[in-house]
Structure formats: structure tokens, C-alpha cells
Amino acid sequence: MSGHDHNHHHDHDHSELSETQLRVRALETVLTEKGYVDPAALDLLIETYEKKVGPRNGARVVAKAWADPAYRARLFKDATPAITELGYAGRQGEHIVALEDTPSLHHMVVCTLCSCYPWPVLGLPPVWYKSAPYRSRAVSDPRGVLADFGVSLPAETKIRVWDSTAEIRYLVIPMRPPGTEGWSEDKLSELVTRDSMIGTGLPKRPQDIAP
Amino acid sequence: MNGAQDLGGMHGFGKVHPEPNEPVVHAEWERRAFALTLAMAMPGEWNIDMSRYARENRPPAEYLAMSYYQVWFAALETMLKERALVTDDEIVAGHALHPPKPVARTLSPSDVAQVLYRGAPTEREIKSAAKFKASDRVRAKTINPVTHTRLPRYVRGHVGAIERVIGCHVFPDSNALGAGENPQWLYTVRFDGRELWGGDADPSVVVSVDAWEPYLEPA
């Protein structure tokens, strides 16, 4: 799968259209001519997930959970309505569970069978999340996978891996970094990385972001 | 099915390679393949479990050689052809050559936001008591269906514990066959890493899957 990644960068060169590119174009034309799809609807679908829905949504959820104890309680009791409060809901996020990282427990989310991912809060998954290396090793060697991301956890930290085999989607709520007391939700959200909400990364520290 | 999609625990794929500042898509065709897949869910000619089966039901070497959007697109072509919505000669010609088959509905631009926001919840009304409760010990059954299932091979035959009773959800094994939603109790089942991978495995690891009641037996 990932063996094809290097080809992607050449696709902007329209002088050589790949077979896949031609097939996709042909199929879109057929489906449009038959009235099954409206190209304007396709454009809107793309715009939604390329420009509007992405990990900044999840970062808002995490920042609010860090800053607002009542919200945090609601989020861990039933995440789907708590996340909907912020306006994020729908496809591939119909049933969300929030996972609380603690000093002794680190959560990591995978879909070994396909590419299940909480779209309303994280957007579309990165290539690595859908790749064979991640899907094969996250469940059997999570510490090795974390090392691939440059993350090393204390040996005594328990690692809990969640394989998304049903329609439940998991969002990791990482630990709030020290030195952020009194920060606004806006500022806190700048520390929240996509990978920290999947469990393959940690939030940024205050010194990692520009003052 | 025991296909190449069921990757948990396999060896030999090497390291994970995160791409710094990765764009949401890497090529224009990925945008269109993604959007076509979403839009073509609207007519209701198939459900999400049929889509997943169409994606995984191909020779393992072929599956593993494809990028993920290539898998999606190949499944879309397969499902369109199986239902005679599109024919091979049309794909070759790149144009409609036959009259369209009537479909229940299509996705209009004005409906996109609402359709996405509504999603497609899979929780269903409870009609029977759950067989298991939290902390019950259960064994994932040894099953090898040639059709769609969501019980990964790496947990089959192993003993774990019910962590959470989630609710009644559409049962993919039935839904993928067009045999109805057949809702079943769904549980989060946790397994000790050493139970799954043996005594040499990292003792600090616990892995869970979400498993429907028909996948489980008391242990």
C-alpha cells in the first residue's frame, strides 16, 4: 500500500495521466451522464473534508475538556452529545467514545480491518493510519509503533489499544501539558496535535509553540 | 473473510512512516474517488458493510499493492457493475451507453451538509436481554466465514473480558449479505497482550475489540 506513496507527488504532472486517474475520470463521467451523481455535490463533499472538517475540531474538544471540568465530565460520560455541543457530528462519528489518558495509562486507536476513524473530530485519516505497517503492528507491538513516531513512554505506563472493529469511534483525550495553568481554550487547542488524539503522539509543550 | 484486510499481528510490513505536514489528499483522482464513493452511498443500492466486503474481497497480493483510495475505487466499480448501474463497456468508453437504472435517490448539493451531519447511526432498539455483563469472561469464537465479518483473526479462540456493554447494533455479518440488519448486542472485549501474542509479549499491553454477541461464548 505505502509502496505507492511516492507516486502521489507526480500526479500533479498532467502530462502523464495514471491509469487510476483515467478510470476515476471515466467513471465520474458515466455516473454524471446517468444522473447518479451531481458534480456540484461531489465538490461540496471534497470541500467539507479538505477545508472544514479536520483535527482542529478534535483539538477544540480536547482543549475544552482540559479547561472546563463540567464539560470533561459530560465528555467521558457520553462523548457523542458532548461533542455535538460544539457542532461536530455525523458521518463516521455517530457513536464516539472519549478515552482518558492518565500518568499510568496511554490509549492508542487503530482499525486493523479497514480505516475506521472519527471523521467529525479528526477529518479523514492520514495515509499511515490506513497502511499495513500501522494496522498490523498497533495491536501486537504498540511500543514499537510509538517508537516509529519518536514517542517513548515509561515502561510502567500501561498501553491500551482500541481496535475499531464496529461503528464506535474512539477519540483520545491526552493529558494536559504542565505549565498551561490559566490558558484559554483557544491557546490550549494549539497544543493538541492530531496524533495525540489517535494515541501515536503527545500534545505539544508550551515551549513548542510561538509565544 | 480471511483476507488481506485482516492485518492485525502480521509481520514484515516494516516501520510506520508518518508524512510530515501530510495533505488531506495526494492527488485529484483521490478527491474524486472519495466523493464518488460517498455520493454513491445515497441511492441505497448497498450498505456500509457491503462496501467493506467489496473492498476486502480481492486477492491478498492485489489488496496489499493498492493504495487505500484505489481499494475504495475498485470496490465502487465492483458494486456498480454487480448492480448493473454501470457496465464494462461504459467504463471503457468513459460515457453512458445505456439508459440509467432507476435509483431511490441521489445526493443533491443542497443536501450534502445535512446528510453528513446526520450520519448513519447503527444503534437499534433493544429487543432481548444482553447475554453478557461487564467483567464476564468470554472467548472469541473460532470462526472462519468466507463472507464479511468484523471479528479479526488475532482474537479468535482467545479469552478476554467484557469491558463495556455498548448496546444493540446492526450486525455486519448479516447486513453485508443483504440478509437484514439483524441487530445484536455489541460489547467492548479486552484481551491481555500475552493472551493474544504469547508469554514473550509486552505485559503492559491490553488490546480491545468491539465484538457482537454472536462472536462470543462464555469462558
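Colleague: How many residues does the contact take from chain A and from chain B?
Modeller: A word on the model comes before the count: this is a predicted model, where local features need pLDDT of at least 70 and side-chain atom pairs count only at pLDDT 80 or more, while totals for chains, interfaces and linings use all residues. Residues are numbered from 1 along each chain as its sequence is written, with chains lettered from A and ligands numbered from 1 in the order in which they are written. Two residues are in contact if their C-beta atoms, placed from the backbone, lie within 7 Å. Counted that way, the contact takes 69 residues from chain A and 77 residues from chain B.

Colleague: Which element gives the most to the side of chain A that touches chain B?
Modeller: Helices (H or I, at least four residues) and strands (E, at least two) are DSSP runs, numbered from the N terminus. Elements that each supply at least two residues to that side include H2, H3 and strand E3 (158-163) of chain A. With 10 residues, the top contributor is H2(A).

Colleague: Is H1(B) largely enclosed or largely open?
Modeller: A residue is buried if 20 or more other C-beta atoms lie within 10 Å of its own, exposed if 12 or fewer, and partly exposed in between, with C-beta atoms placed from the backbone. Among the buried residues of H1(B) are Trp29(B), Phe34(B) and Leu38(B). Because 10 of its 12 residues are buried, H1(B) is largely enclosed by the rest of the structure.

Colleague: Which helices do the buried residues of H1(B) pack against?
Modeller: H1(B) itself covers residues 28-39 of chain B. Its buried residues meet helices from chain A as well as one from chain B. They are helix H2 (19-33) and helix H3 (39-52) of chain A, together with helix H4 (68-82) of chain B.

Colleague: Which residue stands opposite Val161(A)?
Modeller: Two strands pair if DSSP finds at least two bridges between them. Five bridges join E3(A) to strand E4 (residues 205-212) of chain B, and the two run parallel. In E4(B), Ser208(B) is the bridge partner of Trp162(A). Opposite Val161(A) stands Val207(B).

Colleague: Which are the edge strands of the open sheet?
Modeller: The sheet has seven strands with mixed pairing, in the order E2(A)-E3(A)-E4(B)-E3(B)-E2(B)-E1(B)-E5(B). An edge strand here pairs on one side only. That makes the edges strand E2 (105-110) of chain A and strand E5 (216-218) of chain B.

Terms used
Expected span 1.5 Å × (residues − 1).
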